[in-house]
Amino acid sequence: PGGVASSERKVDVSTSSKQEPVWAIEFKKICKSFGAFRVLVDLDLKVQPGEKVTLIGPSGSGKTTVLRLAMTLAKPTSGDIRIFGESILFDQAGTLLSSAEEARIRRRCGMVFQQFNLFPHLTVLQNLILAPTTVLKQSKAEAKESALRYLRMVGLEGKVDAYPAQLSGGQQQRIAIARALVMKPEILLLDEITSALDPEIAGEVLDVVRRIARESGVSMLIVTHEMRFAREVSDRIAVFDGGRIIEQGTPEKIFISPESERTRSFLQSVL
Ligand code: ADP
């Protein structure tokens with residue numbers, strides 16, 4: 001019965017919005033404060049299904065907070081966040097979601113963090129089949145088949161039985177990416193996934209993300225300090241400063257002819 005109710009609700013939401021396209025993710029007037037400190041101020045941000053959007057900007061400008069809100073790891077102070085048309089905070093009547101509903105919507109997102117966060121006492125395969133078998137209730141055989149497929153995608157099918165400590169940082173991060181993908185997210189959130197890696201190792205991780213971006217229809221919301229990567233992988237780049245988007249556009253527009261003086265000076269400081 002839960003499944004039927006949720007699919008009915010999904011239809012309601014998408015048809016109630018007067019022909020507006022359904023966005024993969026939509027932030028509507030999001031504010032987020034910690035005490036008196038305003039991290040995000042009236043943020044509006046939309047990502048189309050399949051679109052790859054990268055957030056760049058100075059440290060502390062609120063980029064990671066955007067991903068944490070999308071993943072429901074934090075709650076906005078005000079505003080609404082929709083994943084494929086469904087609010088992750090409220091149901092249609094404006095009532096706060098139950099934790100089960102929140103979990104169902106959250107499952108449409110997968111996140112990879114700066115620190116790889118693999119379970120150290122589990123092998124690569126065990127890391128990859130844990131959530132699919134427990135959360136998605138896949139059979140072990142099904143989960144294993146899917147794990148092997150994604151391990152091939154990240155080029156580490158030979159490491160199924162390794163423990164995380166036996167892998168390099170770059171390999172662990174590629175496993176963390178595969179672990180997000182086995183949950184079949186529709187939106188992949190990547191939070192500075194190469195910041196903990198040496199530059200020469202970061203390249204192998206970015207290559208994997210480029211391939212996934214090219215080959216899969218997954219929507220991506222990316223936070224990175226790697227400007228070359230941002231330029232190559234993104235359909236659109238949003239420049240953050242002080243909790244607001246000061247400018248957004250194609251990589252060409254942002255990197256070649258930015259409108260904002262603050263964008264220009266940020267790019268000068270990192271390029
Ligand atoms: P960015 O990703 O652009 O570097 P963040 O979203 O991580 O920025 O952080 C924006 C600001 O919010 C920073 O000044 C940070 O210190 C502050 N901040 C983030 N999380 C918390 C928290 N849980 N408590 C207090 N301040 C926080």
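The model is predicted, so local features need pLDDT of at least 70, side-chain atom pairs count only at pLDDT 80 or more, and totals for chains, interfaces and linings use all residues. Residues are numbered from 1 along each chain as its sequence is written. Helices (H or I, at least four residues) and strands (E, at least two) are DSSP runs, numbered from the N terminus.

- The ligand has Phe34, Val39, Ser59, Gly60, Ser61, Gly62, Lys63, Thr64, Thr65 and Val223 around it; a residue is near a molecule if its C-beta atom, placed from the backbone, lies within 6 Å of it.
- By type, that shell splits into three nonpolar, six polar and one charged. Here Ala, Val, Leu, Ile, Met, Phe, Trp, Tyr, Cys and Pro count as nonpolar, Asp, Glu, Lys and Arg as charged, and the others, Gly among them, as polar.
- H2 gives the most to the shell, with three residues.
- H2 is also mostly covered, with seven of its eight residues buried. Buried is taken as 20 or more other C-beta atoms within 10 Å of a residue's own, exposed as 12 or fewer, and partly exposed as in between, with C-beta atoms placed from the backbone.
- Those buried residues of H2 are Lys63, Thr64, Thr65, Val66, Leu67, Leu69 and Ala70.
- Just after H2, Thr72 has a positive phi of about 55°.

**H6 against H7**

- Helix H6 (residues 169-181) packs with helix H7 (residues 199-215) at an angle of about 20°, and their axes are 8 Å apart. Axes are lines fitted to C-alpha atoms, for helices over the stretch in contact, and angles run from 0 to 180 degrees between N-to-C directions.
- The crossing of H6 past H7 is right-handed. A crossing gets that label if the near helix is turned clockwise from the far one by less than a right angle, and is left-handed if anticlockwise.
- On the H6 side, Gly169, Gly170, Gln173, Arg174 and Ile177 meet Ile201, Glu204, Val205 and Val208 of H7; contact means C-beta atoms, placed from the backbone, within 7 Å.
- The residues of this contact divide into four nonpolar, three polar and two charged.

**H4 against H5**

- Helix H4 (residues 124-134) and helix H5 (residues 140-153) have their axes 9 Å apart and pack at an angle of about 125°. The two helices are therefore oblique to each other.
- H4 also passes H5 in a right-handed crossing.
- H4 brings Leu125, Leu128, Ile129, Pro132 and Thr133 to the contact, and H5 brings Lys140, Ala143, Lys144, Ser146 and Ala147.
- Sorted by type, the residues here are six nonpolar, two polar and two charged.

**Two single residues**

- Thr77 sits in the loop between helix H2 (63-70) and strand S4 (78-83), and is partly exposed because 13 other C-beta atoms lie within 10 Å.
- Leaving out residues up to four places away in sequence, Thr77 touches Cys31, Lys32 and Ser33.
- Cys109 lies in strand S6 (residues 109-112) and is buried, with 23 other C-beta atoms within 10 Å.
- With residues up to four places away in sequence not counted, Cys109 touches Ala70, Met71, Ile83, Pro185, Ile187 and Leu189.

How values were computed. Two residues are in contact if their C-beta atoms, placed from the backbone, lie within 7 Å. Angles under 35 degrees count as roughly parallel, over 145 as roughly antiparallel, 65 to 115 as roughly perpendicular and the rest as oblique.
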